[in-house]
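Please examine the sequence and the three-dimensional structure shown below. The explanation after them is intended to be read with both in view.

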Amino acid sequence: MSARVDDVFDNGKFSHGKQVGELERALAGYTGARHVVGVNSGTDALVLLLRGLGIRPGDEVVVPAYSFIATATAVVLAGGEPVFADIDPVSYALDPAEIDRVAGPRTRFVLPAHLFCQMADMSAIDAVANDRGLTVVEDSAEGIGMRQRGFHAGLHGAGGVLSFFPSKTLGALGDAGAVLTDDARVAEAVAALRHHGRFSNTLDNFPGIATETGAAGTNSKMDDIQAAVLLAKLEHLDEEIVRRAELAERYRQGLDGLVRLPQAPDPESAVFYVYLIEVDDRDGLVDFLARRGIGTETYYPVPLHLQPCFAGRGHRWGAFPRAEAASERAVALPLYPDLEPEQVDRVCAAVREFVTGRV
């Protein structure tokens, strides 16, 4: 890693340079995408992908009611209108049957999010979208390494995204993201929009910054330091995915019968970004574990349709019951490649004590 970082300083181009181009090629090789465009965050990746696909003001986009806020706010930032839908209680992803229920005449896109350890049911989502003439865009920010029907996450529709936020399965030292697509025209549009709308070769090209601007873009270039870090970590990604699976299996053995566990329908394609469980008294468990020095993460305590920024849409509690149930019950336990099996056992013992009242 140090040699790559040194090369950034030697090259003197600290963003949108040689390391970013190399990372794009490496990610294309890993995912099978024909085109990868590096940007400065997973959120920007979603916004620019929607813009690259030609979203128009007022276009509706079906999104799950249970996801990180960026799944919906990216639609707003791109000029569209999010239309919320309930989730499948097993995968936590958009329920394909909901698309027909909520889509209307202004709906143009469907945006499923792949969460926690598995992908949405892309076969069913693609089928419904094709019947209605909708474009599928994947919020595959958590999806590095996940595959379905032989295709990597993000490549089942018009395109998808990756986030390299530090906590992700492949994490940078700060914010970074990428767009995945097999469509050359979409890739060209996104590549221009990330650098102020310049439709020319600007990557690792100093003169390119003075070229004509063809669209109103933004500054979403990826830093080369982050690309250098990601290139080094990408070499170990598959072994770390295996390690995460081993730790997840240890959790399964230690918690089976105590709480609701992840139910990956396709274990071969599962990648455990986090290990999510459900319990009746989620907040009580969080406090109980915290007092024992065990950290957790609550995903996501306020479903998207009830977020204050969407209050004007008039949704009330009860609109999307499966999303709301997950928001009350779901919590992630510690999971990262350096976690020791004995530490997993300690977490399991504490969860068992909370649930049963016995040490």
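The structure is a predicted model. Its description may begin with an open sheet of 7 strands, which has mixed pairing and the order S1-S9-S8-S5-S4-S2-S3. Strand S1 (35–39) and strand S3 (81–85) stand at the edges; each has a single partner strand, so one side of each is left without a neighbour in the sheet. On average, and with direction ignored, neighbouring strands of this sheet are turned by 25° against each other.

Several of the pairings can be followed residue by residue. Strand S2 (residues 60–64) runs parallel to S3, and 5 bridges join the two. Within this pairing, Val 62 has Val 83 in S3 as its bridge partner. S2 also pairs with S4 in the parallel sense, over 3 bridges, and here Glu 60 stands opposite Thr 107 in S4. S4 is in turn joined to S5 by 2 bridges, the two strands running parallel; Val 110 stands opposite Val 136 in S5.

The pairing of S2 with S3, parallel and with 5 bridges, may be set beside the packing of H6, which touches S4 and strand S5 (135–138). The direction of H6 makes about 150° with that of S5. Helix H7 (residues 184–193) also packs on the sheet, where it touches S1 and strand S9 (177–181). The direction of H7 makes about 15° with that of S1.

Gln 148 is found in strand S6 (residues 147–148). Is this residue, Gln 148, buried or exposed? Its relative accessibility is 15%, and Gln 148 therefore counts as buried, since the term applies under 20% relative accessible area. A polar atom of the Gln 148 side chain lies 2.9 Å from the backbone oxygen of Ala 120. With its neighbours within four places in sequence left aside, Gln 148 is in contact with Met 119, Ala 120, Asp 121, Met 122, Ser 123 and His 156.

The aromatic rings form another subject. The count of aromatic pairs comes to 12. One of them joins Phe 116 and Tyr 299: the ring centres are 5.4 Å apart and the planes stand at 70°, so the pair is edge-to-face. Phe 116 lies in the loop between strand S4 (107–110) and helix H6 (122–132), and Tyr 299 in the loop between H10 and H11, so the pair ties together parts that are 183 residues apart in sequence. Phe 116 is buried, at a relative accessible area of 2%, and Tyr 299 is buried at 12%. Tyr 299 forms a further edge-to-face pair with Tyr 300, at 5.2 Å centre to centre and with 90° between the planes. Tyr 299 and Tyr 300 are both buried. Ring pairs link Tyr 66, Phe 68, Tyr 92, Phe 116, Tyr 299 and Tyr 300 into a cluster.

Charged side chains also meet aromatic faces. Arg 147 lies over the face of Tyr 30, at 5.2 Å from the ring centre. Arg 292 lies over the face of Phe 288, at 3.6 Å from the ring centre.

Notes: Residues are numbered from 1 along each chain as its sequence is written. This is a predicted model: local features need pLDDT of at least 70, side-chain atom pairs count only at pLDDT 80 or more; totals for chains, interfaces and linings use all residues. Side-chain values use heavy atoms; hydrogens and water are left out. Rings of Phe, Tyr and Trp (its six-membered ring) pair if their centres lie within 6.5 Å; planes under 30 degrees apart count as stacked, over 60 as edge-to-face and the rest as tilted. Helices (H or I, at least four residues) and strands (E, at least two) are DSSP runs, numbered from the N terminus. Buried means under 20% relative accessible area, exposed over 50%, partly exposed in between (1.4 Å probe, protein chains only). A charge sits over a ring if NZ of Lys or CZ of Arg is within 6 Å of the ring centre and within 35 degrees of the ring normal. Two strands pair if DSSP finds at least two bridges between them. Axes are lines fitted to C-alpha atoms, for helices over the stretch in contact, and angles run from 0 to 180 degrees between N-to-C directions. Contact means heavy atoms within 4.5 Å. A polar contact is a pair of N or O atoms within 3.5 Å; within protein, one must be able to donate a hydrogen and the other to accept it, and residues adjacent in sequence count only if both atoms are side-chain atoms.
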